[in-house]
Amino acid sequence: MGLLSILKKMKKEEREARILVLGLDNAGKTTILKKLSEEDITHIMPTQGFNIKSLVQDGFKLNVWDIGGQKAIRPYWSNYFENTDALVYVIDSSDRRRLEESGHELSELLNEDKLGGIPMLVYANKQDLMHATPADEISEVLGLQGIQDRVWQIQACSAKTGDGLQEGMEWLVQVAKKD
Amino acid sequence: MKLKRFLLRYYPPGIVLEYQRRNGDLETKSIDLLNLTPETDVEVLINQIVFEEPLISENKKDTLRGMIYKLMEKIDNKDSQRFYLFKILRAHILPLTNCAFNKSGSKFITGSYDRTCRVWDTLSGEELLTLDGHKNVVYAIAFNNPFGDKIVTGSFDKTARLWDANTGQCLHTLKGHHTEIVCVAFNIQGTHVATGSMDNTAKLWDVDTGQQIASLEGHSAEIVSLNFNTDGDKILTGSFDNTAKVWEVRSGQCLHTLAGHRGEISSTQFDFTGDYCITGSIDRTCKLWDVNNGQCMETLRGHTDEVLDVCFNTTGNRLVTASADCTARVYNVMTGACISILIGHEGEISKVQFSPNGYKIITASSDRTCRLWSVETGECLQVLEGHSDEIFSCAFNYEGDTVITGSKDNTCRIWKDNFFTPAEEEDQYED
C-alpha cells in the first residue's frame, strides 16, 4: 500500500468508486471486507486506523475504505468523507444493547454535508448468530424508512459465512454506476 | 577580503569559509569535497585547495589538515554498526504519515491521521509538543533545516501551517489550496516554504509573513512530490500527469517540463549540486535529467513493478530506487550502471534513504520491517522488526547513528546504533 498508493486511491478515476465503510467497533467491517476479497478471516484485530481494499465488481473498481469504529476514533471519521461515492454502514445485529448507539452514529453521518445524497447500504451483519435481530426490525428501529434524500438498502448478511455480502455489493455497484 | 573562520560540513563533505568583504559584509562560500574518501591523499588535496583558493594561505595548512582528517573520520564506514530498538512512541491514536529529524537530530517530528504533528526529543523519547490545529490528516511535515526552529505541516484540510518548533505556537496558516496538501519543503536558506497539492498546483510562501509569493500552475494532475535545490533558487515538482517541472523561485516561472515517463511520477529529487535531478514513476523506471536544459540523460530500467521512491546520496554519485516489486536498486549516477539490487523484503518498498555517509541504505516496506543494506554489495545488514503494520516512513539523523520509523500501527520507533553518543555541537575552527 504505502502513502503514495493512498494518494492514488484518493483521486477520482473513471469507472472507479470510493466506498466508505463505517459502523461501531466490532460490527464486522474488516471481516466483511476480507471475506469479500477472499482473505482469511480467522485472526482479525480491532482496526486502529483504516484498511483499503480494491474490489472489482462487474468491471467496476471499488476502492473500499474500512475505518476503525472505536469510540475514541469516531471523531476522525470525517477525515475520510471527501469524494465518497457510497456509504456502507455495518451493524452487529446480535448486539441489541448497542443498536441505539449505532443508530445515533448513523443519524449523525446522514446529516454530514460531505456525505449528502450519496447512496447507502446497511449491512445487518452477524445474521448467523441465533439471537440476531432481523434486518426489517433493524430498519424499523433505525427509522430508515424516513430517509428521503438518498437511495438506500438494508441487506441481511453474515461476514462469517459470506451470506448476503455479494447481494449487497451488487446493489452498490448498480447504484454507483448510475452516478 | 579577509578569512574569518572555517565551518565544517560533514555530509556531503565540505569546508565552508566565512570571510569579510572590504565593506565589512560577512559572506560564506563552500569548498565541496564530494570525492573525499578515507583513501584520499590528504597532502595532495591540501596543496590543491591552497593553490585554487585565494582566501586560504600557506599558513592555514595545518588547520586544513585537521579539518580534512575530521571529515574523513566522519565518512568512514563503521562495519560493526548495528541498530537496536531504543523506544516505542505511542502518543498518536491513528496511523502515522511522515517523520523527519531536525539537523542535529536532537528532535524529530511525526505527522498523523489524528490531525496532529508531534515533536519528540530523540535522546529521551519524550513528547515535547503537540501541534494541534489542523482539521484533517497531517500528511507532510518538515523542519526548516539547518536552523530547526520552525516546522511546516501540510494537511488534508487544504491548509499548511508554520509553527515555532520551540514553543509550539502556530505562526501562520497558509490558505489558498483547493484540496489536500501532500508535500511541503523549506528552502535551505529558511526564507521560503513550498506546498504541493492534489489541486494540481504548488504554492510558494514567505516564511516571515506567511503570505503567498507565487502559485506554480501548469501541471494537469495532482502534485505529489516537491523539492528545493541547494541554492534555493529552483523548485522541482512531480505530478500524476506523468511529468515533473522545474520552476524558478524568483519569478515563479516554469523553466522546464521533464516529459517522457509513461506513468504517474511518484518521487523527485535534486542532487546536491542542483545540476541533476531524478524522477521515479509508476512506469517502473527512474529518469535522470539535466536541470539546466531539461533533457533526459538516462532512463534506469530493471524494476518489474512501480517505482515508489527515489533518492540521491548526499554527494550525488549514487542513487537508489524503491519499488513495488519488493526490491530496491542502486545505480552509479555517472554511468547509469546498476551496482546492486537489494533483495529480501516480502512486500512493496515505499520509502528509501541513504545514510548520510553514503555507505548504507534504509528501506521501509509494507512487510512491516525496515532493512539496512550495504550500498556497494547489496547485502542486507539488518532487519528492523517489531512494527505490527506496514511502515510508511523512515529517516536517518544527520549523524547516521539513529533511525526513526513511522507506521500504520500508530507507533513511531526510535532505533539507535551501538556507537551512539549524544550529538556534538557543530565544529568551528576560529581563525
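Predicted model: local features only at pLDDT ≥ 70, side-chain atom pairs only at ≥ 80, totals over all residues.

Chain A has 179 residues, of which 56% are buried, and chain B has 431 residues, of which 61% are buried.

**Chain A: fold and overall form**
- Chain A holds five helices and six strands.
- Reading from the N terminus, the order of its elements is α-β-α-β-β-β-α-β-α-β-α.
- Chain A is as compact as a globular protein of its length, because its radius of gyration of 15 Å is close to the 16 Å that the globule rule gives for 179 residues.
- Along the principal axes, its C-alpha atoms fill a box of roughly 40 × 40 × 35 Å.
- Among contacts in chain A with a separation of 6 or more, 73% are between residues 24 or more positions apart.

**Chain A: surface and charges**
- The accessible surface of chain A is about 8300 Å², and carbon and sulfur atoms account for 46% of that.
- Chain A carries 22 positive and 28 negative charges, whose mean positions are 5 Å apart.

**Chain A: the helix at residues 2-10**
- Helix α1 of chain A is mostly covered, with eight of its nine residues buried.
- Its buried residues include A:L3, A:L4, A:I6 and A:L7, and also A:K9.

**Chain B: fold and overall form**
- Chain B has two helices and 36 strands.
- The radius of gyration of chain B is 21 Å, close to the 22 Å from the globule rule for 431 residues, so chain B is as compact as a globular protein of that length.
- The C-alpha atoms of chain B fill a box of roughly 60 × 50 × 45 Å along the principal axes.
- In chain B, residues 24 or more positions apart make up 43% of the contacts with a separation of 6 or more.

**Chain B: surface and charges**
- About 16800 Å² of chain B is accessible surface, 44% of it belonging to carbon and sulfur atoms.
- There are 42 positive and 60 negative side chains in chain B, and the centres of the two sets lie 2 Å apart.

**The largest nonpolar core**
- In soluble globular proteins, nonpolar side chains tend to be buried together.
- The largest nonpolar core here has 74 residues, and A:I6, A:L7, A:L20, A:L22 and B:I235 touch the most other members.
- Strand β13 of chain B, residues 181-186, gives the most to this core, with six residues.
- Leaving aside neighbours within four places in sequence, B:I235 is in contact with residues including B:L204, B:L216, B:F228, B:W247 and B:F270.

Terms used:
Residues numbered from 1 in each chain as written. Chains lettered and ligands numbered in written order. Heavy atoms only, no water. Helix = DSSP H or I, 4+ residues; strand = E, 2+ residues; numbered from the N terminus. Rg over C-alpha atoms; globule rule 2.2 N^0.38 Å. Buried < 20%, exposed > 50% of the residue type's maximum accessible area, 1.4 Å probe, protein only. Contact = heavy atoms within 4.5 Å. Areas by Shrake-Rupley, 256 points an atom, 1.4 Å probe, with all protein chains shown as cover. Lys, Arg positive; Asp, Glu negative; His and termini not counted. Charge placed at Lys NZ, Arg CZ, Asp CG, Glu CD. Core = buried A, V, L, I, M, F, W, Y, C linked by side-chain atoms within 4.5 Å.
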